Amino acid sequence: MAGRFEPGSRRTGTRSGAARLPRQTAVRATVPATAAAPARTRSWVPPWPLDLGPVLGPLRRGPADPTFRTTPDGSVWRATRTPAGPGTLRVASRGGTVEAEAWGAGAEWLLDRLPELLGAADEPEAFTAHHRLVAAARHRRPGLRLLRTGLVLESLIPSVLEQKVTTDEAYRAWRLLVRAHGEPAPGPGAGAGAPELHVMPEPRTWALIPSWEWHRAGVDDKRASTILRAVRVARRLEDAVTMTPAEAMARLELVPGIGPWTSAETVQRSHGAPDAITVGDLHLPRIVGYALAGDRDADDAAMLELLAPYAGQRHRAARLVLLSGRTPPRREPRMRRVDIARW
């Protein structure tokens with residue numbers, strides 16, 4: 001649910017959280033022979049139907065996200081910074097078997113946690129649909145599970161960038177900052193047929209980004225200051241992955257500038273939290289209200305009332321509503337984009 005706001009703020013745009021994977025072709029799933037051999041490989045057979053698009057889609061921050069790509073052979077590529085160091089992961093599902101390759105210092109860490117990333121720790125059987133639309137969306141998406149990355153900052157920082165701006169502005173800022181201050185992802189590289197990826201900067205690098213670079217990326221002082229405060233306590237925030245989602249949200253919200261909206265957006269990805277519903281959003285209450293009750297003017301209170309039967313599973317219910325595609329017709333102008341880089 002990228003691009004949402006803290007309470008009282010405004011935004012435009014929404015998405016269902018499903019990455020669109022290209023139709024699979026006859027392209028071989030393996031890395032071309034000219035590429036460097038992967039540091040690690042792993043095969044895994046999930047005991048349930050798996051749809052990589054909806055599962056991994058929430059990690060994608062826009063179509064040009066430098067840390068996330070899909071390729072014509074149906075593979076999903078992801079570059080990230082693990083506790084062991086930078087790593088690149090390529091995942092493909094073929095005939096019910098997940099084939100994964102990983103490169104870099106974080107390769108083993110990524111492969112060890114592959115099942116958890118793809119939803120092995122999720123419990124969708126605990127969910128009961130109470131609305132026909134939700135039941136239909138669940139029936140159409142039997143492979144939907146909530147991912148768990150086990151990483152906090154990689155979801156927290158782009159969520160902060162998405163506060164009080166349009167999704168296009170937030171995605172642009174993330175793209176520019178990661179490409180300018182991150183590092184090329186380990187692996188075969190674009191020259192060997194793989195997509196060009198970058199690993200996001202480490203905490204110290206974020207802290208050293210000059211003020212004018214934030215400005216050029218369109219990031220105002222408030223959001224930049226929030227990120228700087230967060231990276232100064234990066235280790236304490238990353239330790240939140242060992243906590244319950246509620247405890248993790250409380251820890252994140254100790255950082256000034258991080259509120260319920262941002263903390264929920266973070267633990268949805270880092271913890272796979274099924275009940276971390278996003279509040280303070282301009283569009284989500286209206287979408288949920290329209291889909292479940294025909295109320296296109298629903299606010300947070302109305303949304304939470306509609307989702308009350310899904311207590312413990314409210315985020316999953318909202319994901320299914322978004323994936324149903326039932327949204328109210330637009331009747332107000334989009335938020336005016338303000339490019340502070342031109343100031």
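1. Helix α12 (residues 260-270) is largely enclosed by the rest of the structure, because ten of its eleven residues are buried. Buried means under 20% relative accessible area, exposed over 50% and partly exposed in between, with a 1.4 Å probe and protein chains only. Helices (H or I, at least four residues) and strands (E, at least two) are DSSP runs, numbered from the N terminus.

2. The model is predicted: local features need pLDDT of at least 70, side-chain atom pairs count only at pLDDT 80 or more, and totals for chains, interfaces and linings use all residues. Residues are numbered from 1 along each chain as its sequence is written, and side-chain values use heavy atoms, with hydrogens and water left out.

3. Which residues of α12 are buried? They are Trp-261, Thr-262, Ser-263, Ala-264, Glu-265, Thr-266, Val-267, Gln-268, Arg-269 and Ser-270. These buried residues pack against α5, α11 (245-252) and α15 (314-324). Just after α12 comes Gly-272, with a positive phi of about 65 degrees.

4. Confidence next. pLDDT is the predictor's confidence in each residue, from 0 to 100. The protein averages 88, and 84% of the residues score at least 70. Over residues 1-15 the pLDDT is below 50, yet this stretch has 83 contacts in the model beyond near neighbours in sequence. Contact means heavy atoms within 4.5 Å. Residues 23-35 also have pLDDT below 50, with 22 contacts beyond near neighbours in sequence.

5. The overall picture. The protein has 15 helices and seven strands. Of its 343 residues, 54% count as buried. Among contacts between residues at least 6 apart in sequence, 72% join residues at least 24 apart.

6. Now a helix pair. The axes of α5 (residues 153-161) and α6 (residues 167-181) come within 8 Å and cross at roughly 130 degrees. That makes α5 oblique to α6. The contact is made by Glu-154, Ile-157, Pro-158 and Leu-161 of α5 and Ala-170, Ala-173, Trp-174 and Leu-177 of α6. Axes are lines fitted to C-alpha atoms, for helices over the stretch in contact, and angles run from 0 to 180 degrees between N-to-C directions. Angles under 35 degrees count as roughly parallel, over 145 as roughly antiparallel, 65 to 115 as roughly perpendicular and the rest as oblique.

7. Ala-224 is buried, with a relative accessible area of 7%. Not counting residues up to four places away in sequence, Ala-224 touches Trp-214 and Val-219. Trp-206 lies 18 residues from Ala-224 in sequence and 9.5 Å away in space, C-alpha to C-alpha.
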